[in-house]
Amino acid sequence: MEKTLPKMLQAIALAHPNTPAQYSKNKDGKFEKITYSEYFDTALNFGAGLLSLGIQRGDHIGLISDNRKEWQQADMGLLAIGAIDVPRGCDATIHDLQYILTTAECHTVIAENPRQIEKILGIKENLPLVDRIICFDPIPEGIDSKGVELLTFADIIQKGTEYRIENPATIEDELSKGQDTDLATLIFTSGTTGEPKGVMLTHGNFIAQLPDLMPRIYLDPGDIIICVLPIWHAFQRACEYVALSQAGSLAYSKPVGSVLLADLAAINPQIMPAVPRVYEALYDGIMRAMRKTGGIVLNMFKFFLAVSKLQCRISRTLFRKKARFSNDYIVLKWILLFIPWILLSPLKALGSALVFKKVRAKLGTSFRAGVSGGGAFPPVIDEFFWACGVKVVEGYGLTETSPVVAVRPIDDPIFGTVGKPLNPMEVRIVSDEDGSVLPAGKKGIVQVRGPIVMQGYYKRPDLTAKVIDKDGWFDTGDIGMLTLDGEIVLRGRMKDTIVLRGGENVEPLPIEMKLTESRYVSQVIVVGQDMRVLGALIIPSKDDLVIYARENYIPYESYSDLLTRPEIIKMFENEIATLVNSKTGFKSFERVSCFTLLEKPFEVGVELSAKQEIMRYKVSELYAKQISAMFKEE
């Protein structure tokens, strides 16, 4: 494996010059491709253009853009000359931009469009170091630059083309100087717990994970990964490097239902990395369509789904495709379950041909697998896609681990786990009480050591020392356990733990995932720190709730009025009681005793991070009155 990311791209471009590297839409909405040879040449031109401006090895360059072909082209160009990217998405707040660009001491910033230029220039007085902005899109005339040099991506490409003619082999020489220990990026975390921290990752951090990722998430040259996530997040970035390392192709789309489904049909990808919310949206859309169809079609769907789920559960037990924590008495289980498995298999095959084939068709005819990361994958969604014959493998990692610690292999997934740690990594579970290493099946804090662990937090050695000990073990803050076979099973975040008044520790994530199994629950966050019992803020599924009201003849004047109707409150009480109880595996103190229905969905940048993770501290602040009122009634 090559030592730097641009060297990896160079090797792939030499080996597969005519293989499509990127697909993006033109003005007519049609996908157009560029080859690896064209991609690499554009990257070199961009890097040479930066050299012509005086940018040097080690300079920090802001990169404020969502995912698009120019992002990778520009990034590989700046990395080729030894510069370091400081990425963020277009949804970045003014506060975040000011904090990140100031902390990272960026003189040059690459912006996606004029709107991002306006945001940066709007706080220019607080960004004294920023003296140049490069825009991917054309820049309208008349912008007050406030003394900042404004250039376009096309300008830099032109400068770079001329520079390479006048200075032959200079950019190639710079590329060859790169080492795996060179810093590649400063990724400021999305701040689910407060102020963002700058994670320092080297080329070697990213590359170390690729040898073991390639056989788990495999592609042939020209196979397509459809890209719907923010590229500034390490998860999407790593997925794109997995594709590039195997001469795969990147197709750029958006995580919007109508856009994504149309693009899946048009581009016919093999792999789709996405956060759990994307797969939940697909699941919700399929279930909603089935309920709307109704009649014999709905009944047939329910029957075959139940049969397929049962057959898959038995199959996972017999073939050891689920988490094991103790002796599973496999011989006895074969004796007991072999006949039911045989009897159910033809029915499952029939359901696959009659019903689930249509579900799979929505993802294209070449779809190999989805990759879920950036948050916990709800078991109900996991089991649904498994039953439909759609492979979705769950991965686990953090920005601080470049980011992949583990992922289920496409061809050998173990249900209920995130797979075994990548080969270069060591993973252990330690007690949160005394730090002792725990055996398989015991829950504790997940710690990681190896070549993918970050170099530290930028300018914050104090924070680095809190999470990386003297022996190199990184404390993830995640709660989990190891199976007998070495897979990782996650159980929540240590910082999310709710401590009730009685001293009970509660992990909210399993409760939240269980509650979202209800067709009437779109989003939920469990609260209750220092309270006697647990409560929940619930965002109902509006369409399903309106249908429920109509079918049950519940009168209401507006949607907000509907949320206060006693019949609706009672229905949610029943849903919660049915899903979270001792029979479903929850302790008495884990039951949700009160709740509030919220009208407005959680939004990215408000209650959700850019990865669509709940920022619990923000929710506690924004809904302090509702939370207080909810518990006063208890």
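**Close-up views of a predicted model**

Helix 12 gives the largest share of the lining of the second largest pocket, 13 residues. This is a predicted model, where local features need pLDDT of at least 70 and side-chain atom pairs count only at pLDDT 80 or more, while totals for chains, interfaces and linings use all residues. Residues are numbered from 1 along each chain as its sequence is written, and side-chain values use heavy atoms, with hydrogens and water left out.

**View A. The second largest pocket.** Here's an open space with a volume of about 1,100 Å³. Among its 45 lining residues, Arg277, Glu280, Ala281, Leu282 and Asp284 sit closest to the centre. A pocket here is an open set of points on a 1 Å grid over the protein atoms alone, with protein on both sides within 12 Å along at least five of seven lines, and lining residues have an atom within 4 Å of a point. By class, count 25 nonpolar, eight polar and 12 charged residues in the lining. (Ala, Val, Leu, Ile, Met, Phe, Trp, Tyr, Cys and Pro count as nonpolar, Asp, Glu, Lys and Arg as charged, and the others, Gly among them, as polar.)

**View B. The largest cavity.** The structure holds one cavity of 30 Å³ or more, and the largest cavity has a volume of about 40 Å³. (A volume is the space filled by probe spheres set on the grid points, which are joined across faces, edges and corners.) Residues lining the largest cavity include Thr4, Arg57, Asp182 and His203. Helix 3 (69-80) and helix 7 (170-176) are the elements that give two or more residues to this lining. Helices are DSSP runs (H or I, at least four residues), numbered from the N terminus.

**View C. Two tyrosines in helix 2.** Tyrosine 36 and tyrosine 39 both lie in helix 2 (residues 36-52), three residues apart, about one turn of the helix. Their aromatic pair is tilted, at 6.3 Å centre to centre and 45 degrees between the planes. (Rings of Phe, Tyr and Trp, the last by its six-membered ring, pair if their centres lie within 6.5 Å; planes under 30 degrees apart count as stacked, over 60 as edge-to-face and the rest as tilted.) Tyrosine 36 counts as buried because its relative accessibility is 0%, and tyrosine 39 is buried too, with a relative accessible area of 0%. (Buried means under 20% relative accessible area, with a 1.4 Å probe and protein chains only.)

Technical notes:
1 Å grid on protein atoms, 1.4 Å probe; cavity = no way out; pocket = protein on both sides within 12 Å on 5 of 7 lines; lining within 4 Å. Buried < 20%, exposed > 50% of the residue type's maximum accessible area, 1.4 Å probe, protein only.
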